[in-house]
Amino acid sequence: MTEIVSWGLLYYAFPVLAPRISSDTGWSSVAVTSAFSVALAMSALVGVPVGRFIDRHGPRLVMTAGSGLGVLTLVVIAASPNLPVFIVGWAFAGIAMAGVLYPPAFAAITGWFAARRLGALTTLTLVAGLASTVFAPLTAATYDQLGWRETYLWAAVLLAVLTVPTHWVVLRRPWPQPVHVTSKEPEAEKDYTSHVVRDTRFRLLTAGLTLVALAMYAALLALVPLMLERGLSPQTAAWVLGLGGLGQVAGRLVYTTLARHASLTVRTVTVFGLVTASTAVLAVVPGPVGLLVAASMTAGVGRGISTLLQATAVTDRWGPRGYGRLSGVLGLPVLLATALAPGAGAVLAEVTGSYATGFAVLAAVAAVGTVLTVASTHGRATTAGRMRPLDMQVGEFRRQS
């Protein structure tokens, strides 16, 4: 419940409200979305020390404090008298995100659950995947009645009531003591990971995933402005965004079956092909609404599966050896691309003259990223990651925390 609320209010409310904030305040759309990019960048940077703290002390303090900070930052954002205060508010909201979104929740599950860990992780990602479905339409309806500032004030109230006491009361179980390992990594292991990083396939994979992430999340956060440009009402545009969450959940439900019966190349083409095709359809198809919803849900399927596909990218190609270090190197540019995505969509719309043309550019970027990622699949690949993607995902979250 706290993950749905946190994702819905700190993340998915923004793409619904961003066009209204820009219109009401006179701040440019690029400036408004850049503030959200600052939040995502802060979340990525703070996530490392937050994970280390959870590893030593458990999630209770972090997630409770993150919820409390989230409440304060939403109040600051709502009351922002000018753009600099608005940006500062989002910067601190990014710190709050690092304390309440998926990484700390995954760390909590990984630390407390043993035999039921995979089921718990799967349940969490499936249910929290509905955050946009619930909160995008709710945010739009609240804005119609109150305006964007009051909407964020009510979001602060909901976050305070539903997450702060829940995190403090529920996350009380004794935290397992961390397993201590020697800090000095064997030279052979360092040599191995350095060799993999220099591998052409690793560079292709990194570049491909980065480009796809940039296109995928820029399209997600620019979807509501695109729908408004198409002539849809704000409420309908919010539903188009929100129903994409159903596709995200559906994608995660079917991925395990896909991983067992399809090769790495086929999986990569299928998943990132869906991202590219749906972005292209949104760029060129003006309606009807049902077709736009279908394209949004297709994009959601791609987003939902891409999280799991990235989690197994290293093991699918090089096996589990050096996984922690390699996944860290691989994930850094992808996180930075995700942070740049909100501003990228707005900048493309200004440069090209419309969000539709911007989506066409994003589709081309996704296509290039797909080709690069597919090229990285050629060569020797192990089956460990392919057969048990969620197991490897658990391993990734443990190492990140």
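Which backbone oxygen does the side chain of threonine 210 reach, and at what distance?

Author: The structure is a predicted model. In it, the side chain of threonine 210 reaches the backbone oxygen of threonine 206, at 2.7 Å. Threonine 210 belongs to helix 11, which covers residues 200-221. Its relative accessibility is 18%, and because buried means under 20%, threonine 210 counts as buried. When residues up to four places away in sequence are set aside, threonine 210 touches Pro333, Val334 and Ala337.

Threonine 370 is placed in helix 18, residues 355-375. It counts as buried, with a relative accessibility of 10%. Leaving aside neighbours within four places in sequence, threonine 370 is in contact with Val212, Phe272, Gly273 and Thr276. With one of these residues, threonine 276, there is a polar contact between side chains, at 3.4 Å. With another, phenylalanine 272, the separation is 98 residues in sequence, yet 5.7 Å in space from C-alpha to C-alpha.

Not counting residues up to four places away in sequence, serine 37 touches Ala339, Leu340, Pro342 and Gly343.

Beyond residues up to four places away in sequence, arginine 149 touches Thr25, Ile77, Ala78, Ala79 and Ser80.

Helix 3 runs over residues 60-78, and at 1.5 Å a residue its 19 residues should span 27 Å; the C-alpha atoms at its ends are 27 Å apart, so the two values agree.

In the whole structure, a search finds 13 aromatic pairs. One of them joins tryptophan 27 and phenylalanine 86 in a tilted arrangement, with 5.2 Å from centre to centre and 50 degrees between the planes. Tryptophan 27 lies in the loop between helix 1 and helix 2, whereas phenylalanine 86 lies in helix 4, so the pair ties together parts that are 59 residues apart in sequence. Both residues, tryptophan 27 and phenylalanine 86, are buried.

Tryptophan 112 and tryptophan 175 form an edge-to-face pair, 5.4 Å from centre to centre, with 80 degrees between the planes. Tryptophan 112 is in helix 5 and tryptophan 175 is in the loop between helix 9 and helix 10, so this pair ties together parts that are 63 residues apart in sequence. Tryptophan 112 and tryptophan 175 are both buried.

Tryptophan 27 and phenylalanine 86 also belong to one aromatic cluster, whose members include Trp7, Tyr11, Tyr12, Phe14, Phe36, Trp90 and Trp148.

The charged end of arginine 20 sits over the ring of tyrosine 143, at 4.6 Å from its centre. In a second case, the charged end of arginine 60 sits over the ring of tryptophan 168, at 3.6 Å from its centre.

The secondary structure of the protein chain comes to 20 helices and 0 strands. Of the 401 residues in the chain, 54% are buried. Among contacts with a separation of 6 or more, 84% are between residues 24 or more positions apart. The chain exposes about 16400 Å², of which carbon and sulfur atoms supply 68%.

Definitions and conventions. Residues are numbered from 1 along each chain as its sequence is written. This is a predicted model: local features need pLDDT of at least 70, side-chain atom pairs count only at pLDDT 80 or more; totals for chains, interfaces and linings use all residues. Side-chain values use heavy atoms; hydrogens and water are left out. Helices (H or I, at least four residues) and strands (E, at least two) are DSSP runs, numbered from the N terminus. Buried means under 20% relative accessible area, exposed over 50%, partly exposed in between (1.4 Å probe, protein chains only). A polar contact is a pair of N or O atoms within 3.5 Å; within protein, one must be able to donate a hydrogen and the other to accept it, and residues adjacent in sequence count only if both atoms are side-chain atoms. Contact means heavy atoms within 4.5 Å. Rings of Phe, Tyr and Trp (its six-membered ring) pair if their centres lie within 6.5 Å; planes under 30 degrees apart count as stacked, over 60 as edge-to-face and the rest as tilted. A charge sits over a ring if NZ of Lys or CZ of Arg is within 6 Å of the ring centre and within 35 degrees of the ring normal. Accessible areas come from the Shrake-Rupley method with a 1.4 Å probe; for residues, only the protein chains shown count as cover. The expected span of a helix is 1.5 Å times one less than its number of residues.
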